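Biologist: Hi, I have just opened this one and would like a walk through it. Could you put it up so that we can look at it together?

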Amino acid sequence: MYDLVVIGSGPAGHTAALRAAARKLKTLLVEKDPLMLGGVCLNEGCVPLKGLLHYSLHEKDYASIREKVMPKVAAMRQGLLSRLKAAGVETLNAEAKFTSAGSVEAGGREISAKNFLIATGSKSRRFFNDALSPEAIFGLEKAPSSALIIGGGVIGCEYASFLRNIGADVTIAEALKTPLFGEDEEAIRALLREFKKKGVKVISPAVIKSAGRSEAVIEEAGAEKKLSFDAVFEATGRVPATGGLNAAAAGVETDEKGFIITDGHMRTKNPAIYAAGDCVKTPMLAYTASMEAELAISAIFGEKAGPIDYSRMPKLVFSCPQFGSIGKSEEKAKSEGADFRAYRHYFKAMGKPAVESRDAGFIKLLVDKKTGMFVGASVVGDEAAEIMNELSVIMNCGIKAEEVK
């Protein structure tokens, strides 16, 4: 019998396995696809996409960029496997399915454990099965000269930036009022201005009536039009990948969308089974998944930790320019009646971005007038991710604006 069986090897799964093994738990990590060790993030998501974006700033040949990025991904996947083995984590390539409250069937074996952690992640939501799924961008035969991206969320904005960088004629079609809807409206406007300057077209709100691999019928302002492209990508969000778990057999509850229901310590209704990452209804971010996995391992040892304050977790979009936020937007703060002051500083007023001709964007800080604490922040501009990291530390450590000054 194992002390812990982890199902899924993404940021939540491999973090939990490594933490558990470091604390001398006999640990088994089950991953159904050996080429997906590390999860979507490492293999067909945030890590390789950052590589595509980086190289696209300097060269335009898709095949050349892909040849630089994907071998590095394979090397990182092999490196992760080596880390797991060195830590004493046993791995099994198979699909796991619960057969009872304390066992799973995987690879023809009946496996029992004292504790389980479900980390099966998420998969692309699909409304238009004939359109290209997001991960297709890592294996195209050639770069499209024109592309439609259905969905203006994080993935849509990042894809649009990459494809435009390598010369494609790009259109984003978003069903809501704007791309990145719900973020700070002033920051969204700044990003859209830069998209327009770069030649990225945005249709929003738009109703997609139908979509295939190379064409779509879009309704905008009550008028339908049929548009043709070299490629149509669907980036309309993600859904939990929990359908094949047979979770009910283990006493694990899911909501109507398939998300696993947990408490503040990532524990399911079955006290011996935990869940973390995209299969839980929390922000679908790699570092969220890792933190939830750490919290689950602490809970297994009966340690007091959590719950996680998700409002103080930064959100990042690696578009061109980058976009980031933490805490409340100005609109959200106003709607809640917060008494705050908004500070803005524009990149044009800073030397480094000015001389590098990367001066688009600004930083906005919301500070509570009474306490001096930060209510929220938004950043648009190159290297926004580095700035958001600092702001995350500031907000999570409770540092006041006067102290930052």
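Biologist: Let me start with a cysteine: is C46 buried, partly exposed or exposed?
Modeller: Keeping in mind that this is a predicted model, C46 comes out as partly exposed, because its relative accessible area is 27%.

Biologist: And which residue does C46 form a disulfide with?
Modeller: C46 is joined to C41, with 2.4 Å between the two sulfur atoms. The torsion about that S-S bond is about -135°, so the disulfide is left-handed. C41 is buried, at a relative accessible area of 16%.

Biologist: How many disulfides does a search of the whole structure find?
Modeller: The search finds one disulfide.

Biologist: Changing topic, what is the strand order in the open sheet of four strands?
Modeller: The order is β10-β9-β8-β14, and the pairing is parallel. On average, and ignoring direction, neighbouring strands here are turned by 20° against each other.

Biologist: How many bridges pair β8 with β9?
Modeller: Five bridges link β8, residues 146-150, to β9, residues 169-173, in the parallel sense. As one of the contacts to look at, L148 has T171 in β9 as its bridge partner.

Biologist: Which strands does helix α5 lie across?
Modeller: Helix α5, residues 154-165, lies across β8, β9 and β14, and it runs at about 170° to β9.

Biologist: Now α1, please: how many of its residues are buried?
Modeller: In α1, 10 of the 12 residues are buried, so the helix is largely enclosed by the rest of the structure. Among the buried ones are P11, H14, T15 and L18. The elements that the buried residues of α1 pack against include β1 (2-7), α4 (62-87) and α7 (286-300).

Biologist: What does the side chain of T15 reach?
Modeller: The T15 side chain reaches the backbone oxygen of P11 at 2.5 Å. T15 sits in α1, which covers residues 11-22, and with a relative accessibility of 11% it counts as buried. Setting aside neighbours within four places in sequence, T15 is in contact with G10, S290, A293 and E294.

Biologist: Which residue follows α1?
Modeller: α1 is followed by K24, whose phi is positive, near 70°.

Biologist: Last topic, α6: what span should its 14 residues have?
Modeller: At 1.5 Å a residue, α6, which takes in residues 185-198, should span 20 Å, and this agrees with its end C-alpha atoms being 20 Å apart.

Biologist: And which residue caps the N-terminal end of α6?
Modeller: D184 does this, with a side-chain oxygen lying 3.1 Å from the backbone nitrogen of E186. E186 is itself one of the buried residues of α6, which also include I188, L191 and F195. After α6 comes G199, with a positive phi near 95°.

Conventions: Residues numbered from 1 in each chain as written. Predicted model: local features only at pLDDT ≥ 70, side-chain atom pairs only at ≥ 80, totals over all residues. Heavy atoms only, no water. Pairing = 2+ DSSP bridges. Helix = DSSP H or I, 4+ residues; strand = E, 2+ residues; numbered from the N terminus. Axes fitted to C-alpha atoms, helices over the stretch in contact; angles between N-to-C directions. Contact = heavy atoms within 4.5 Å. Disulfide = S-S within 2.5 Å. Buried < 20%, exposed > 50% of the residue type's maximum accessible area, 1.4 Å probe, protein only. Expected span 1.5 Å × (residues − 1). Polar contact = N/O pair within 3.5 Å; in protein donor to acceptor, adjacent residues only side chain to side chain.
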